[in-house]
Each structure stands twice: as C-alpha cells, then as structure tokens.
Amino acid sequence: MSRSLQPPAAATAAALPARATGVQRRTLAVVAASTLVVLAAFVTPLATAVATARELGTGPGGQAWLLSAMSVGLAAALLVTGALADDVGRRRVFTAGLVLLAAGAALTAAAGATGVFVTGRLVQGVGGAAVLACSLGLLAQVFPLGPSRARAAAVWGASLGAGTGVGGVAAVVLDGDTGWRATHAATAVLTVVLAVAARLLLPESPRGRRPRVDVAGPLLLVAAVCCLLVGLLAPRSGGGTGTAVALLGAGVVLAAGFVLAEARVRAPMVDLALFRVRGFVAAHVGALVTGAATVGLMSYLATVLQRALGESLLATTVLVVVWSGVATATSWGLRWLPAVDGRLLLAGGLAVSGAGLAGLAVLDAGSAGTVLLPGLVVLGVGYGAANAALGREAVAHVPAERAAMGSGANNTARYLGAAVGVTLVVLLVTAESASGGGAAALVDGWDTAALAGAAVSAAGALAVLVLRPARR
C-alpha cells in the first residue's frame, strides 16, 4: 500500500500555493489527498474488472454494474450530502464520507459474490459523494475568491487526474491480476487515516441557526437517479425491454417530481433559481459532458485492451497513467494562470478532449495498445484543463454559505454523466460482439464509442461558449 499511495500524497503537499496560511495549507492538503483517494477507489475495478468478474463469476449484465456501481452511488448522493454539509457542517460530513468510503472498500475486499461487491461499491459511492461534495466548499471556505482560490482549485483538479493514475498503479503493485482484493483493503486502511486527519485538521464551517429539512427532495432525487440508471443497465442485467422502458419512465416521472418539490419547499436541497444563472448552467454542462464522454469511455479502456488485444494489466495501466499524468500536469500548470477566464478554459478543455477522444478511434484487431498514446496525451491535456476550470466554476456562482451545495450539484452532473456514459459505452462496444463478432467486433465498437464521445465533447464546448458570457 505504502509504495503506491505515499508519493502522490507527498506531491499534493508540495503543490500547496505559495504564501498560504496554515489553515489553508492543511485544508488543501487533506482535501486534495482525500479527493485523490476517492478517484483512486473509483478506477480500481476499471483496471481489474476482468480478474474480478472471472473470480466472482459475473455475467455480462453484472459486469456493467461492476464498472458503474460507484458512479450510481456518487450521482445519487452528491446533492444530498452537499446540502447536508451546508446545514450541519462540512468537516463533519466530509469525515463521515471518508468513514463510509472505508467501509465500502472493506466490503468489496471481502466480497464473495457480485451482489456483495456491487453493494460495497454503492457504499463507496455514497462516501465518495460526501467527500467530493464538501471538497470545493471547504476550499471556498478558506480561500477567498480570486487568484488564491484559482490556484487551490487547480491543485484540486490535479488531484482528480492523479487519483486516476494512482488507482491503476496500486492495482499493479498489489498484484491486481490475481490479488485484486488487496487494493480495496489498502484503500480502506488509507481512508481511515485520512478520516482521522480530517477530523483533527480541517476547520468546521459556520452552521445555520437551525438545520433545514428537505425530506421529499433527497428521496425523489435518489429514486429518480436509481430508476434511470437501473433502466439503462436492465438490458445487460437480463431484464427485458419492457422493464427498461418502465424504469426509465419512472425515473423521468420521479425527476419531474423532484423539480416540483424543490420549487415548492421553503429550504430546498438545491436552489433551482441558480439554473437561471448562465455561468452555473455552463459549469454543469461541462461537468456532465466530461463525465459522459471522457470518464465514460476511459472507464472501459482497460477491459477492451485486455479482452480484445490481449494486453496485460501492466500495459493497460501504463497507458492510463500516461493519460492521468498529462491531466495532472496540465491542472498543476494552470495554477500559475489564475486569471484565465473560466469560460474559455472550460470550453477549451472540452474541445481538446474531443480531439483526444477522436484520436482514440484507431484500434483494429491487430493493433497494439501503444497506438492510443497520441490520443491519450491530447485527451489528458483537455481533461486536466476541464478539471481545473470546473474546480473554479462549480462554486463561483453560488452564495458562499451554499458552496457545498454548488460543489455537490456540479459533481452530481459529472458522475451522472459518467454512470450513463459507461453504460452506453458498454452497450456500444459489446453490441456486435454479443452476436459472435469476437475481438474485431469489440474494437469496432470501441472506435464507434470514441467518435461518439468526441462529438459529445465538442458539442459541450460549444454549449459552454454560448451559455456563459465572458466575465468583465
């Protein structure tokens, strides 16, 4: 565990903005390290999905759940935990999230069946949601709006990229091909340590005079997200078309009920009036597109390379580390350019990501994984720029006392996009192979999914430019 996880923590400490106060340095160190671990936990089954499915005897539908279960937990709980953090204290919810993340990791490490593993991943998603929802709120609490917050947001964005690489490296170091459980166990231990550090080092946010109670909002949102995602996964889980249509329809009805409930309640979980602010909407469009296009496609990269091209876990991990390393370096570099307009940075990041995704549509049955390197480098630049921009924009258009809600809403969009994106990628990639196309069908499906992701990312870039006027 220590060999794979200590270096990024040290790098995070070295990344702290110059002339930061002690509280700022401690807060950024704990928040960035915790965000890194959440992302490392998120990608671990993506690297080891083949070995995990083989040991647990997971069928095709269950494999889609192995990849998307944590996204489901994240998307379902981010807004709830963000609103809760603003009401009862960000440090308290952040720390509780780390405890849940550790519990979920321990459950997946001990899993003997697919259902237990998926349950553990759902718990990890809820815990990770609390961490991510509070992270930008905690930074906004100690870093004033301006260059210092922009630099802190860039470090936070770098931790997102670094976490992706750390998860893959940990899977290799801890023998992910035959001993994938060790990676989840290491995550549980490290997360407990971070929970103690968060409790001791983070400042608590001011609390309102009384907690706001919004019962209908959380229930309707969680039910809507679950119905929509389970409906998308139903065809791969053995459910029929009728079941999928019924679940998707129920999800739409519940989502409409959520909007109606939030419009009527006195203290809503998410202030729907914020969606009249173009910058707020643009940030959420950027997060949704980043999750659906980039995270969705990259979530299935290791599986395609191992199954279709016969690449080893080490080879696939090296490719993922290249992508995440470039993304981390890009976010890190942008901390020195805090004056760059957030709209242009986000739109540019999405546009470059689209070019990188298009560069991944180059596989054929005789390819080596290295043919993806140019596209991965370009994608890393775009993803890193988008992460840095979203770190700023997620909380730039909400009142300071609702910063965790803004962060939670933005991350909800990212992981809702990721959950939908990975599901659609699985369906696209495996559509032809299901009828006996073999490796050639898998790579053809991958190329189709990559081009679709490029189109979505390019459309997102254009939408951000249209939605958000430049700041004066």
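Here are some notes on the predicted model above, point by point.

1. Ground rules. Residue numbers start from 1 along each chain as its sequence is written, and side-chain values rest on heavy atoms, with hydrogens and water left out. As the model is predicted, local features need pLDDT of at least 70 and side-chain atom pairs count only at pLDDT 80 or more, while totals for chains, interfaces and linings use all residues.

2. Overall fold. The protein chain has 16 helices and zero strands (DSSP runs numbered from the N terminus: H or I of at least four residues for helices, E of at least two for strands). Of its 472 residues, 58% come out as buried (buried is under 20% relative accessible area, exposed over 50%, partly exposed in between, with a 1.4 Å probe and protein chains only). Take the contacts between residues at least 6 apart in sequence: 85% of them join residues at least 24 apart (a contact is heavy atoms within 4.5 Å).

3. Surface. The accessible surface of the chain is about 16900 Å², and carbon and sulfur atoms own 68% of that (Shrake-Rupley, 1.4 Å probe; for residues, only the protein chains shown count as cover).

4. The largest pocket. How much space lies in the largest pocket? About 510 Å³. On terms: the search runs on a 1 Å grid over the protein atoms alone; a cavity is a set of points where a 1.4 Å probe fits but cannot get out, a pocket is an open set with protein on both sides within 12 Å along at least five of seven lines, and lining residues have an atom within 4 Å of a point. Points are joined across faces, edges and corners, and a volume is the space filled by probe spheres set on them.

5. Its lining. The largest pocket is lined by 20 residues, with Leu79, Leu221, Phe258, Thr412 and Leu416 nearest its centre. Two or more lining residues come from each of α8 (216–233), α9 (241–264), α10 (278–298) and α15 (403–430). By class, 18 are nonpolar, two polar and none charged (nonpolar is Ala, Val, Leu, Ile, Met, Phe, Trp, Tyr, Cys and Pro; charged is Asp, Glu, Lys and Arg; the others, Gly among them, are polar).

6. Cavities. The whole structure holds three cavities of 30 Å³ or more, and the largest cavity has a volume of about 210 Å³. Of its 20 lining residues, Val43, Leu46, Thr164, Met298 and Val320 sit closest to the centre. Helix α2 gives the largest share of that lining, five residues; α6 (147–173), α11 (301–308) and α12 (313–334) are among the elements supplying at least two.

7. Aromatic pairs. The count is three (rings of Phe, Tyr and Trp, its six-membered ring, with centres within 6.5 Å; planes under 30 degrees apart are stacked, over 60 edge-to-face, the rest tilted). Phenylalanine 42 and tyrosine 415 have ring centres 5.6 Å apart and planes at 65 degrees, so they are edge-to-face. That pair ties helix α2 (residues 22–56) to helix α15, 373 residues apart in the chain, and both residues are buried.

8. A second pair. Phenylalanine 275 and phenylalanine 280 are edge-to-face too, because their planes stand at 85 degrees, with centres 5.0 Å apart. Phenylalanine 275 is partly exposed at 40% relative accessible area, whereas phenylalanine 280 is buried at 1%.
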